Structures are given as C-alpha cells and as structure tokens.
Amino acid sequence: MRQRPAAMVAAGILISRIIGLVRGLVFARFFATSAAADAFTAAFRIPNLLQNLFGEGVLSASFIPVYANLLARGEREESRRVAGAVFALLALIVSALVLLGVLAAPLLVDAIAGGFSGERRELTIRLVRILFPGAGLFVLSAWCLGILNSHRRFFLSYVSPVIWNAAIIVALVAYGHGTVPARLAVIAAWASVLGAALQFAVQLPTVLRLTGGVRPVLDTASSHVRTVIRSFMPVFVGRGAYQISAFVDTLLASFVAPGAVAALFYAQNIYMLPVSLFGMSVSAAELPAMSSATGGATEVAAYLRGRLDAGLRQIAFYVVPSATGFVALGGVIAAALYQHGRFSSADSTLVWAVLAGSAVGLLASTLGRLYSSTYYAVKDTRTPLNYALIRVALTIVLGWAFAFPLRRALGLAPQWGTAGLTASAGVAGWLEFLLLRRTLNRRIGRTGLAAGFVVRLWAAALVAAGAGWAVYLPLGGGRPIPVGVAVLGTYGAVYLLLTTLLGVPEARALVSRARRTV
C-alpha cells in the first residue's frame, strides 16, 4: 500500500508523458529544427515562466504542507478558507503578470533569444502574446493539483495534461499538411491555450467536491495563509533562479547554431520522462505523507528517514538505467521518436549529444527532488533556496564555458556546444544534491543510498547497454521505430533480469507485481 500513491502519480505522468512524446513526434514531423521550431520553442519558454514560478513546484512546497497538515488535524473549514485565499491571491497576481507579459513581449524575446532577428524574432513575439494567457491557466491547474494531492487524489492531477497535449496534436494533424511552418506555429499556440483551459476545467469539479466548495477571498489575516506566503517566497526566488538559468541556456543556444534551441527542446522532452515518472512521482506522493507526520522530534525524524531512504532506492532503481540509456543508446531513442518527415538522422545525432549531456546530472536531479520535498515537509524552504542559487550560478558559468571556449578548444563543431549546456547543468546538479543531503543528514540523521546497492544498479545497466548494442549493430540500418523497440526492449529486459539476479529488492518486487498482474 505504501507505494500506491507514487504508483498513481507515475501512472498519470506516464500517460501524460506518452501523449507528450507523441506531441513531440508530431511537432518534429512538421517542424524538425526549422526557424519556426526555434521560434515556438523560445516563445513557449517565456510565458512558461509563470507556470514554473507560481505552479506545481512552488505550490507543492508552500501550500501542500499547510493544507495537508490542516486536513490531518481535522480542521476542514480552515483548510477550505486557506484554499480559497490562495486561489484568490494566485488569480490576482497571475492576471496582472499575463497582461504585463503580453505588453512586454518584444523585450522578453530580446532577453531570452537575443540571437533571433527578422522574421524569426517577429514570429516569436507573436507566439509569446498568444501563449501567455494559457500559462496563467496552467498556474490555476497547479492550485487544483495541490488540493488533489493533499486529498491523496494523485491520478487526475497528473493525467490532466493529456488534454493539453491532445489539443496541440489535433491542431497539428488537422492543419499541418500544406501549411507553412510559421502559420502552423500560430495555430499550435492557440491550441495550447485551449488545451490549458480544458486542463483546468477537468480538475475543477473534483476539487470543489473534495473541499466542499471554495470561495475565493483575499484573506491574508489568517496565520495559515501567512505561513503559505512566507514559505512561498523562498521557493519563488529559487524557481526564479532556475528560470534565469533556463533562459540563459536558451540565450546561449540561440548563438550556438541554427536549430540548437529546438534540439534542446526535443532532448528535454525525453530527459523529463524519467525525471517526471520517477523523481516527481515519488516526491509528489511523499510530500503530503511527510507533511502529515506528528509526534516528537525523534519520532518525526525517524519517520522521515524511513520514507526518504525507501523513496531514494525506488528512484535510483529506475533512473540509473535511464541515464545509462541516454548516453549509450540516446541515438536510438531520438531516432525512434523523432526521425520522421523533415527530421533527419543528423538531427537525431544532435539530440543524442544533448541527451547524453543531460544524463550527467539525471540521478542527482531526481534524488534532489525528494530531498527538497523533505525540507518542504518540515516547512524549511530557505535551505533548498540557498543551494538552488549556488546551482544556478554554477550552471550559468559552466554553461558558457562548455558551449564556447571549451568546445572551441576541443575543435568541435558549433552545434555540439548545446550538449555542453546540458552537461554543465548536470555537474551543478550534483553539487546541489550533495549539499542538500549533507545538511538534512545533520538534522534528521543519516540518509542516502548504500554503496553496494548503487554499484549493482550501475553494473546491471552497463551490461544491459552492451546487450542493447549487440542487438543494434546488425539492425542499425533498419527503420527507426522497429529498431528502437528491439534495442530498448532488450536493454530493459536484461537490466531487470540482472538486478533480479543480483538481489535488488525493487527488481524482485516489480517482477512479483508483474506476475500477479499476468
């Protein structure tokens, strides 16, 4: 029963991410790494700032610990008032920022994509103005997610983005053939806004039923609302720092080479799958449970250690083979997903390089999410903020160094600088993870993964990668999708077999569940 919440989150995310990958595949088919693809990718990042600053991560850190704790103590009327006050504050602030973003679109485009000019710049500005209202709706969806997760209704909140993805897919398929890429990008942007509205609407009835009705009122007198606001600010600043880092990456990529911004986008679609499925799912499920802990300091610390260590093992079991696969088999993955229509084998190779760079910090990023959730559960949002700022500063400095002087020193072509951007973020991610773990261990006692457990996972993943290559070599010239199924299927099966033989409990539990299902 303990793993069921994480399983429900993972199921919702998996369905959503599969549809997201389909969206990426359809997008790649019609746009590849064209100027319109660069414009849409850059444009989406700008209003997406609202979602990241005010959305799921920030609300999870500030709102869920307060709301879930009120529910655990049976104070349902107060929890309803807090939910209404938070909604009113979000709606007011986000509405103002949406209006500001629409008006300031040219300045924002120049800030995030300074390498764009002419028609590519004008198209990006137009797309930003269309997409901003949709970003505001995503924030309101994140408020719904906070309510649903606190009531342990995980599946709906994480599967609802399917509607948003489906709206874009339908628009691209309906209008993609015979439509010039620039016009198609505008159609996709409007479809994104419609999908965001539907995503919010599908969650709202369940939220209203669980809360008994929410009345949005600007109420900052409540001590609980003030606690949410105080917790909100450090996470908000931390998210803002992350966004600055992401914007710097996009800015640097816009100067690296044509198509670099789009390559980052395609690689991120793949990279975020294990982050969401395994890092986010466990962290999202654990946050309400950790926030509901009661008792003395010793009892709470022991409870947090138990949940944290079990979550870390669960994450590592899935993320270690993901990172290995990105490095060893990233070309197979990129080709199977994207190599259709205008998307060439050279494009797949570029995405592979960016994906391999992302793999550097994949394990650290996913484990770090769970450590951050533990801090949030005890209402400490400042410690993760401090370490996030260190990570962002290091990412920016290393990103510039990897993308330009180091790449030139190695004699690599300009487009390979994009991989340096993602690799530098991975190095910084490891530093942040180590700092989070060290500080939390001082507070609640020793936590983390046993060395023997980690060695078994990496050994199994490396041997499985070799088995995947053994299948790929005779099939390399075949069609990307069948080759991908054969290679990746072999890789996954060998990894599961080896970890089971090596006595990894998570592997044996997975096999046991599969047998019961069959």
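Student: Why is Arg121 called partly exposed?

Tutor: Its relative accessible area is 21%. Buried means under 20%, and exposed means over 50%, so with 21% Arg121 falls in between and counts as partly exposed. Bear in mind that this is a predicted model.

Student: What does Arg120 pair with?

Tutor: Arg120 forms a salt bridge with Asp38, with the closest N and O atoms 2.8 Å apart. That pair links distant parts of the chain: Arg120 sits in helix H7 (residues 118-150) and Asp38 in helix H2 (residues 35-45), 82 residues apart.

Student: Is Asp38 buried or exposed?

Tutor: Asp38 is at 2% relative accessibility, and buried means under 20%, so it counts as buried.

Student: What makes the pair of Glu432 and Arg391 a tie between parts of the chain?

Tutor: The closest N and O atoms of Glu432 and Arg391 are 2.8 Å apart, which gives a salt bridge. Glu432 lies in helix H18 (residues 417-444) and Arg391 in helix H16 (residues 382-403), so parts 41 residues apart in sequence are tied together. Glu432 and Arg391 are both buried.

Student: Where does H7 kink?

Tutor: At Leu131, shortly before Pro133, by about 35 degrees.

Student: What makes H7 "mostly covered"?

Tutor: Of its 33 residues, 24 are buried.

Student: Where does Lys379 sit, and what is its phi?

Tutor: Lys379 is in the loop between H15 and H16, with phi near 65 degrees, a positive value in a residue other than glycine. At 41% relative accessibility, Lys379 counts as partly exposed.

Student: How do you know that Thr374 is buried?

Tutor: Thr374 has a relative accessible area of 0%, and the limit is under 20%, so it is buried. Thr374 is found in helix H15 (residues 362-377). Leaving aside neighbours within four places in sequence, Thr374 is in contact with Met290, Leu304, Leu308 and Leu440.

Student: Why is Thr395 called buried?

Tutor: Its relative accessible area is 3%, under the 20% limit, so Thr395 is buried. Thr395 lies in helix H16. With neighbours within four places set aside, Thr395 touches Ser245, Ser424, Ala425 and Ala428.

Student: Which residues have the most contacts inside the largest nonpolar core?

Tutor: That core has 163 residues, and those with the most contacts inside it are Phe31, Phe63, Leu127, Trp143, Leu172 and Tyr266. The largest share, 20 residues, comes from helix H12 (residues 260-291). Take Leu172: not counting residues up to four places away, its contacts are Val26, Phe27, Phe30, Phe31, Leu184 and Ala188.

Student: What makes the protein chain as compact as a globular protein of its length?

Tutor: The chain has 21 helices and zero strands. Its radius of gyration is 22 Å, close to the 24 Å that the globule rule gives for 518 residues, so the chain is as compact as a globular protein of that length. Along its principal axes, the C-alpha trace spans about 60 × 60 × 45 Å. Of the 518 residues, 56% count as buried.

Methods
Residues are numbered from 1 along each chain as its sequence is written. This is a predicted model: local features need pLDDT of at least 70, side-chain atom pairs count only at pLDDT 80 or more; totals for chains, interfaces and linings use all residues. Side-chain values use heavy atoms; hydrogens and water are left out. A nonpolar core is a set of buried Ala, Val, Leu, Ile, Met, Phe, Trp, Tyr and Cys residues joined through side-chain atoms within 4.5 Å. Buried means under 20% relative accessible area, exposed over 50%, partly exposed in between (1.4 Å probe, protein chains only). Helices (H or I, at least four residues) and strands (E, at least two) are DSSP runs, numbered from the N terminus. Contact means heavy atoms within 4.5 Å. A salt bridge is a side-chain nitrogen of Lys or Arg within 4 Å of a carboxyl oxygen of Asp or Glu. The bend at a residue is the angle between axes fitted to the seven residues ending there and the seven starting there. The radius of gyration is taken over C-alpha atoms; the globule rule is 2.2 Å times the number of residues to the power 0.38.
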